[in-house]
Amino acid sequence: MSWVVWLAVGVALIVAVFILVLVYYYNRIRVLGNRIEEAWAQIDVQLKKRYDLIPNLVETVKGYARHEREIFEKVTEARERMVSGGSREERMEASNELTGALRTLFAIAENYPDLKAGENFRLFQEQLDGIESKIAYARQYYNSSVLMYNNVITTIPGSWFAGGRQKHGFLEIPEEERRAVKVEF
Amino acid sequence: MERLSFHEEIARNRRSSLLLAVLVSVILFALIYVLVYAFAPAYVVLALPISVLFIILYTYGSYRYGDGVVLAATNAKPAEGRQYQYLRDAVEGVSIAAGIPAPKVYVVESAEMNAFATGRDPEHASVAVTTGLLKALNRLELEGVIAHEISHIRNRDILFMTLVAVLVGMAAIISHIILRSYRYGAIRGGRRDRRGGGIELVVLAAGFVLAIFAPIVVRLVQFAVSRRREYLADASAVELTRYPEGLASALEDIMRGNRGEMKVSEAVSHLFFVDPNRSPLDSLYATHPPIEERVKRLRAM
């Protein structure tokens, strides 16, 4: 008779272990998923800061170089796309384009000594530089969070508990930025 | 792999900090017991409540205010104003990459290139750099050094290292008092105090405590700047900046430029990025890992 009791205990133990593992992985997947959202929020903060800075920058430059219309349009257009809906990848794409356009804008500014020497302009440049490097670091944190999440939901035993959750996409690093790091030394 | 080692490091630092707190409690208890026994043997039952009070005060105080003590001892000033915007941006950027809240930023006025981090956890942490470091390094090098300090914060090295700093500082003060009273006591005891007893016992006890205390403290400082900790912080820094050359060339600049003349208290020297009191070329009595070796490891990554 006692083997029935042992069997019951055994089954109960296995079920208990299974539930514990399930809870652990459920929570872990949730925590890692939240980390991705938090990482995105960090990027979003920096994108908004940059969005707010640009109109004043454009006004300042316009005061000296009114006829460089093309670049102003490019900057304004990329700025709008950077915050107006779309997927994360699309918004980052717009942000990367904005980075490129701002570089051109600062290169153009080199031709206007008065503008370049202005206190305001230098302040903009410093602030935008700071924001740009923070965007790069935030993107890195985002990507490493995505990597951890993807690793858990695609490997055993995490994949058993993933419940059909899809892998998250990485935010690609733009080509010119990869090169830029190399030439700085 | 990297993730795993950083969680292990956090656990290890928690254990070390706890062990340190227990060790200090035992020493404090012994010290107070001996003092009460020597001065007022009749009140020896009070030794326990008194030492418990002291231990709680000391432990809580160094946990809660240790970073303030370290910042004051190194003369660190908050990095305010536009001239330090660049530094604050770099610290904020690297802490975003590490996934911790941005620590408070301080500067220390000194021509030497150095930096340190202190605090009790990532939510209560500070990073300080010297003005010499800011002046000499470019952005990538500066971010490398900051990433090393941010790694100390993320790995919870700061709590243990700050506790050691407070302990060594306290031990220095206590030793000083004991040595003074020893001289004072020796003169008095020799000439006037015919009763002997009390004072002589104190002198004996103090000497005894000092004798066991000093080597422990020295060992602790060595332990606090363990090579594993520093190499791991270098490796984690590269994980954050993805650019080993930045940190490597910062270390080379420091090796060429630093004279080791910062003259900070030995109690806090183990917190620093490189030894503040000794020239990088002077490897005798070195507490910090050799810079050449750190550069070599970074270049091999």
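Modeller: Two residues are in contact when heavy atoms lie within 4.5 Å. This is a predicted model, where local features need pLDDT of at least 70 and side-chain atom pairs count only at pLDDT 80 or more, while totals for chains, interfaces and linings use all residues. Residues are numbered from 1 along each chain as its sequence is written, chains are lettered from A and ligands numbered from 1 in the order in which they are written, and side-chain values use heavy atoms, with hydrogens and water left out.

Biologist: Which residues does B:E230 touch, not counting residues up to four places away in sequence?

Modeller: B:E230 touches B:H148, B:H152, B:M161, B:P289 and B:R294.

Biologist: What makes B:E230 count as buried?

Modeller: Buried means under 20% relative accessible area, exposed over 50%, and partly exposed in between (1.4 Å probe, protein chains only). B:E230 has 1% relative accessibility, so B:E230 counts as buried.

Biologist: Where do B:E230 and B:H148 lie?

Modeller: B:E230 is in helix 8 of chain B, residues 227-241. B:H148 is in helix 5 of chain B, residues 139-154. Helices (H or I, at least four residues) are DSSP runs, numbered from the N terminus.

Biologist: Why is B:H148 called buried?

Modeller: Its relative accessible area is 0%, so B:H148 is buried. Beyond its neighbours within four places in sequence, B:H148 is in contact with B:E230, B:A233, B:D234, B:A237, B:F273 and B:R294.

Biologist: Which residues does the "binding site" annotation cover?

Modeller: The unreviewed UniProt entry lists B:H148, B:H152 and B:E230. UniProt positions follow the numbering used here, feature names are shortened, and annotations may be inferred rather than shown by experiment.

Biologist: How do you know that they gather at one spot?

Modeller: They span 83 residues in sequence, but no two of their C-alpha atoms are more than 8.4 Å apart, so they gather at one spot.

Biologist: What do chain A and chain B bury between them?

Modeller: About 1,800 Å², with 53% of it on carbon and sulfur atoms. Buried area is the accessible area (1.4 Å probe) that two parts lose on being put together, summed over both. The contact takes 21 residues from chain A and 21 residues from chain B.

Biologist: What makes B:E92 and A:K134 a salt bridge?

Modeller: A salt bridge needs a side-chain nitrogen of Lys or Arg within 4 Å of a carboxyl oxygen of Asp or Glu. The closest N and O atoms of B:E92 and A:K134 are 3.1 Å apart, and the pair forms a salt bridge. The count between chain A and chain B is four salt bridges.

Biologist: Which helices of chain A each supply at least two residues of the side that touches chain B?

Modeller: Helix 1 (2-62) and helix 5 (119-154) of chain A do. Helix 5 gives the most, with 14 residues.

Biologist: Is A:N150 buried or exposed?

Modeller: Its relative accessibility is 5%, so A:N150 counts as buried. A:N150 lies in helix 5 of chain A. Not counting residues up to four places away in sequence, A:N150 touches A:K167, A:H168 and A:F170.

Biologist: Why is B:P49 called partly exposed?

Modeller: Its relative accessible area is 44%, so B:P49 is partly exposed. B:P49 sits in helix 2 of chain B, residues 47-73. C-alpha to C-alpha, B:P49 and B:F29 are 9.8 Å apart in space, and 20 residues apart in sequence.

Biologist: Where does UniProt place the "transmembrane region" of chain A?

Modeller: The unreviewed entry places the feature at residues 6-26. The span is 100% helix and 0% strand, with its end C-alpha atoms 30 Å apart.
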